[in-house]
Amino acid sequence: MTQQRKGLVLDFGGVLTTPLLPAALAFERLEGLPEGTLLTGLYLDPEGIRLTEELERGALTQTQWNEAAARLLGLPPDNLMGRIFADLRPEPSVIAAAATARRAGIKVGILSNSVGPTPWNLYDGYEVEQRYDALVLSEVHGTRKPEPEIFRLVLDELGLTAEECVFVDDTEQYLPPAAELGFATVHAVEPARTVTALETLLGIPLTDDDPDRVIP
């Protein structure tokens, strides 16, 4: 059996969790907001973009982000980030595939544009430090995807080159910078398709533990 690559680098939110957009839309419905309020206010508005990028770099705490974003949206600030993403759940098929890859000898790391640990911890309950070989959170290092430096950090932690790794993200704009460094890339749109793409790129089965089944 031939393994084509030695490493797997996974985004967290939207890859190891259920998608972010449905959670945000559920929050809008709960708050009685017009659909698209969060997208417009936080990801299209220049001030909203600045706030989120500063949060991901660790220049703002989550509490500071909650207060500033709440002013933009006209909402109460209390645990705003946690309320927006309250419907996020683990994505069992991708989590299981990552665990199977790791048992097969693939090094598996998480590379995440993080949002601060309090008052809401995105990673709580996922045992990210125990279940993965590397954990690179943007806020810790002051750099964020798609900047090349953060990709190099996770490669250093894994002890691998980009050419030896697959990178998976649900944000399509983060894939070309990774590909330029040498990663094979997968756009995470639907979990079953993600797992199938990983089986092809890694050359191993990820939906069971049959050591004799080789993915062409």
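1. A crossing of two helices counts as right-handed if the near helix is turned clockwise from the far one by less than a right angle, and as left-handed if it is turned anticlockwise. In this predicted model, α6 passes α11 in a crossing of the right-handed kind.

2. The pair formed by helix α6 (residues 92–103) and α11 packs at an angle of about 15°, and the two axes are 9 Å apart. Angles under 35 degrees count as roughly parallel, and α6 and α11 are therefore described as roughly parallel to each other. On the α6 side the contact is made by S93, V94, A97 and A101, which meet P191, V195 and L202 of α11. Sorted by class, this contact of α6 with α11 has six nonpolar residues and one polar residue, with no charged residues.

3. Helix α4 (residues 62–73) has its axis within 10 Å of that of α2, and the two cross at roughly 120°. That angle makes α2 and α4 oblique to each other, and their crossing is right-handed. The residues that meet are T37, L38, G41 and L42 in α2 and W65, A69, L72 and L73 in α4. By class, the contact of α2 with α4 has six nonpolar and two polar residues, and no charged ones.

4. The axes of α3 and α4 likewise come within 10 Å, and here the crossing angle is roughly 170°. Since angles over 145 degrees count as roughly antiparallel, α3 and α4 are therefore roughly antiparallel to each other. From α3, the residues E47, G48, L51, T52 and L55 meet Q62, W65, A68, A69 and L72 of α4. The class count for the contact of α3 with α4 is six nonpolar, three polar and one charged.

5. The largest pocket deserves a separate look, and its volume is about 1,200 Å³. It is lined by 49 residues, of which L20, Y43, F85, D170 and T171 are the closest to its centre. Helices α1 (20–31), α2 (37–44), α3 (46–57), α5 (80–84) and α11 (191–202) each supply at least two residues of the lining. The lining residues divide into 27 nonpolar, twelve polar and ten charged. Two cis peptide bonds can be checked in the backbone. A cis bond joins T118 and P119, with an omega of about 5°, and P119 is found in the loop between β2 (107–112) and α7 (128–131). The peptide bond from K145 to P146 is also cis, with omega near 15°, and P146 lies in the loop between α8 (138–141) and α9 (148–158).

6. A further backbone point concerns N79, which has a positive phi of about 50° although it is not a glycine. N79 lies in the loop between α4 and α5.

Definitions and conventions
Residues numbered from 1 in each chain as written. Predicted model: local features only at pLDDT ≥ 70, side-chain atom pairs only at ≥ 80, totals over all residues. Heavy atoms only, no water. 1 Å grid on protein atoms, 1.4 Å probe; cavity = no way out; pocket = protein on both sides within 12 Å on 5 of 7 lines; lining within 4 Å. Points joined across faces, edges and corners; volume = space filled by probe spheres on them. Helix = DSSP H or I, 4+ residues; strand = E, 2+ residues; numbered from the N terminus. Nonpolar A, V, L, I, M, F, W, Y, C, P; charged D, E, K, R; others polar. Axes fitted to C-alpha atoms, helices over the stretch in contact; angles between N-to-C directions. Parallel < 35°, antiparallel > 145°, perpendicular 65-115°, else oblique. Contact = heavy atoms within 4.5 Å.
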